Amino acid sequence: MTVLAMLDGLSPLERYAMDVLLDLSRLPRTDRMLDGATPVTAGAAGATGFNVVEGRVVVDRNILAETAALLTLAAERDSPVRDARGRVPANVNLLGATGRELEPVVQRHAVALRRVVAALRGTMPALLAPWPEGARWAVALTHDLDLVRWWGLGYAARSLELLRRGEWRRWMRATGAALGAVGRGPVLGAIERLLEVEAAHGVTSTWFVMAGAPSLRSVLAGDVTYPIESARSILEQIRTRGHEVGLHGSFATAQSDAMLRRERDTLEQAVGRSVRATRQHFLRMEPLATQERAAALGFTVDSTVGYYDRAGFRLGVADLVPLADGSGRALGIGEAPLVWMDRASSKYRGIETPAAWIDEALTSAQVVESVEGLWVGLWHPNLAAPFGFPDAEPAFADLVTRLAAHKPWFATVSQVAAWRGRRRSVRVTGFEAGGRPILTDPEGARADEFLEARAA
């Protein structure tokens, strides 16, 4: 059994919302009417949001409108409100404003759609696999390389933060570690230990690296803090272990095509390969406009959209989704939304206990697992004792161990984007004698690997 989307009469924005809902539902789709196909269309469906009319499943237009508003950051695109870093605050976001940031609203609509189709057919249909290798959910661990040279400045800034909060004991421990690290290359050492933790669990992660030209002004502003040349040994460690390198765009790249291109080219020259993933420094962006600029330069996945001061689902979805503008026009880039980051707790809410950060991370991960989605987490590699973060490194090891215990598919953001893009493109073109769907890709080749194993 399969579904056929009936899109006549829908606006481009409604078509976009319907496409995302069907993709997230994992219902196999067909582009032509087949025997046994269930038509899905839009209309008025009442309080439940979904209805069955004459053998068709009707999705209420209000569901499509809410889905589109969340996915296109409607409340934020034209908002003049910015924080001191030039970012749109969480309370402007549709979910953040109402305390629903941990609700994957769009995915829950997709699950409801799937259940209505199953109820109409009297059985749950064959579904597309949620993730490769039999995994039921996915994890993309990411790292923003914000500190390489002049690490003492990072320690000094963190010391002031600790002293302002009265964290005298933590400050004394950090100061002792910093003094002991002088002359020992603490940045590379911390990164090597982090990589060892990931290697022990078979984790491949994404590292977002700066490639702008530092100046005294940029360093003091917390923008570009090191020249790319100083990170060569770090980049070598990342590459030889099979991890991905993405661009960590400077503040200027949020509005400047030329600066984004320049930094992309610099990073590609340094790593000797194409760079296709990006995340803006401090999550500073012009909502969707920054992502559109990245797409025009050949980036295929962005991972900037997330809350900087809390965990949650800023797009209402915990999965890789294609982006579109406010009219429904495809931007040509996927978004791997950031769900959780370490400094949201310590920097913005003053929670200094690393174990508490991990509890928040795992709470959001449990929600993602429940909807078979993608959890994107950010751990800064400078969270180590010499830089003012005693107990942080064991907390990271604990986080990875506990995530791995739930058997996700660990992947880089580009691997996630590639796999989800291929799954999104497959269609049912017929059925085998036993009723098993025949899946094909856009070139007409069989794509059976995207059918859920339990239905294969």
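The legends below accompany close-up views of a predicted model.

**Figure 1. The largest pocket and its lining residues.** The space in the largest pocket amounts to about 940 Å³. Its lining consists of 36 residues, and Gly-154, Ala-157, Gly-222, Phe-282 and Lys-347 are those nearest the centre of the pocket. Three helices, H5 (151-164), H8 (216-220) and H12 (342-349), each provide at least two residues of this lining. The greatest contribution is that of H5, with eight residues. Sorted by class, the lining comprises 19 nonpolar, seven polar and 10 charged residues.

**Figure 2. The second largest pocket.** This pocket has a volume of about 160 Å³. It is lined by 14 residues, and nearest its centre lie Leu-24, Arg-26, Arg-114, Val-371 and Glu-372. Helices H1 (12-25), H4 (105-121) and H15 (413-425) are the elements that give two or more residues to the lining. H4 supplies the largest share, three residues. The lining of the second largest pocket divides into five nonpolar, two polar and seven charged residues.

**Figure 3. The largest nonpolar core, with the surroundings of Leu-113.** The largest nonpolar core contains 105 residues. The members that touch the most other members are Val-59, Leu-113, Val-209, Leu-267, Trp-375, Trp-379 and Leu-403. When neighbours within four places in sequence are left aside, Leu-113 is in contact with Leu-21, Leu-22, Ser-25, Leu-27, Val-40, Phe-50, Val-57 and Val-59. Another core, of 33 residues, lies apart from the largest one and includes Leu-34, Ala-135, Leu-378 and Val-426.

**Figure 4. The salt bridge between Arg-424 and Asp-23.** In the whole structure, a search finds 39 salt bridges. In the one shown here, the side chains of Arg-424 and Asp-23 meet at 3.5 Å, N to O. Arg-424 belongs to helix H15 and Asp-23 to helix H1, so that the pair links parts of the chain 401 residues apart. Are the two partners buried or exposed? Arg-424 is buried, because its relative accessible area of 18% falls under the 20% limit. Asp-23 also counts as buried, at 7% relative accessibility.

**Figure 5. The salt bridge between Arg-420 and Asp-319, and the network around it.** The side chains of Arg-420 and Asp-319 form a salt bridge with an N to O distance of 3.1 Å. Arg-420 is in helix H15, whereas Asp-319 is in the loop between strand S10 (301-302) and S11; the pair links parts of the chain that are 101 residues apart. Arg-420 is buried, with a relative accessible area of 0%. Asp-319 is buried as well, with a relative accessible area of 5%. A network of salt bridges links Asp-23, Asp-319, Arg-420, Arg-423 and Arg-424.

**Figure 6. The salt bridge between Glu-292 and Arg-329.** The closest N and O atoms of Glu-292 and Arg-329 are 2.7 Å apart. Glu-292 is partly exposed, because its relative accessible area of 31% lies between the limits of 20% and 50%. Arg-329, at 40% relative accessibility, likewise counts as partly exposed.

**Figure 7. Two residues with a positive phi, Leu-73 and Trp-150.** Leu-73 is not a glycine, yet its phi is positive, at about 50°. The residue is placed in the loop between helix H2 (61-71) and helix H3 (74-77). Leu-73 is buried, its relative accessible area being 3%. Trp-150, also not a glycine, has a positive phi of about 50°. The loop between strand S6 (138-145) and H5 holds Trp-150. With a relative accessible area of 41%, Trp-150 is partly exposed.

**Figure 8. Asp-398 in helix H14.** Helix H14, which contains Asp-398, spans residues 392-404. Asp-398 counts as partly exposed, at 31% relative accessibility. A distance of 27 Å separates the C-alpha atoms of Asp-398 and Gly-166, which are 232 residues apart along the chain.

Terms used:
Residues numbered from 1 in each chain as written. Predicted model: local features only at pLDDT ≥ 70, side-chain atom pairs only at ≥ 80, totals over all residues. Heavy atoms only, no water. 1 Å grid on protein atoms, 1.4 Å probe; cavity = no way out; pocket = protein on both sides within 12 Å on 5 of 7 lines; lining within 4 Å. Points joined across faces, edges and corners; volume = space filled by probe spheres on them. Helix = DSSP H or I, 4+ residues; strand = E, 2+ residues; numbered from the N terminus. Nonpolar A, V, L, I, M, F, W, Y, C, P; charged D, E, K, R; others polar. Core = buried A, V, L, I, M, F, W, Y, C linked by side-chain atoms within 4.5 Å. Buried < 20%, exposed > 50% of the residue type's maximum accessible area, 1.4 Å probe, protein only. Contact = heavy atoms within 4.5 Å. Salt bridge = Lys/Arg side-chain N within 4 Å of Asp/Glu carboxyl O.
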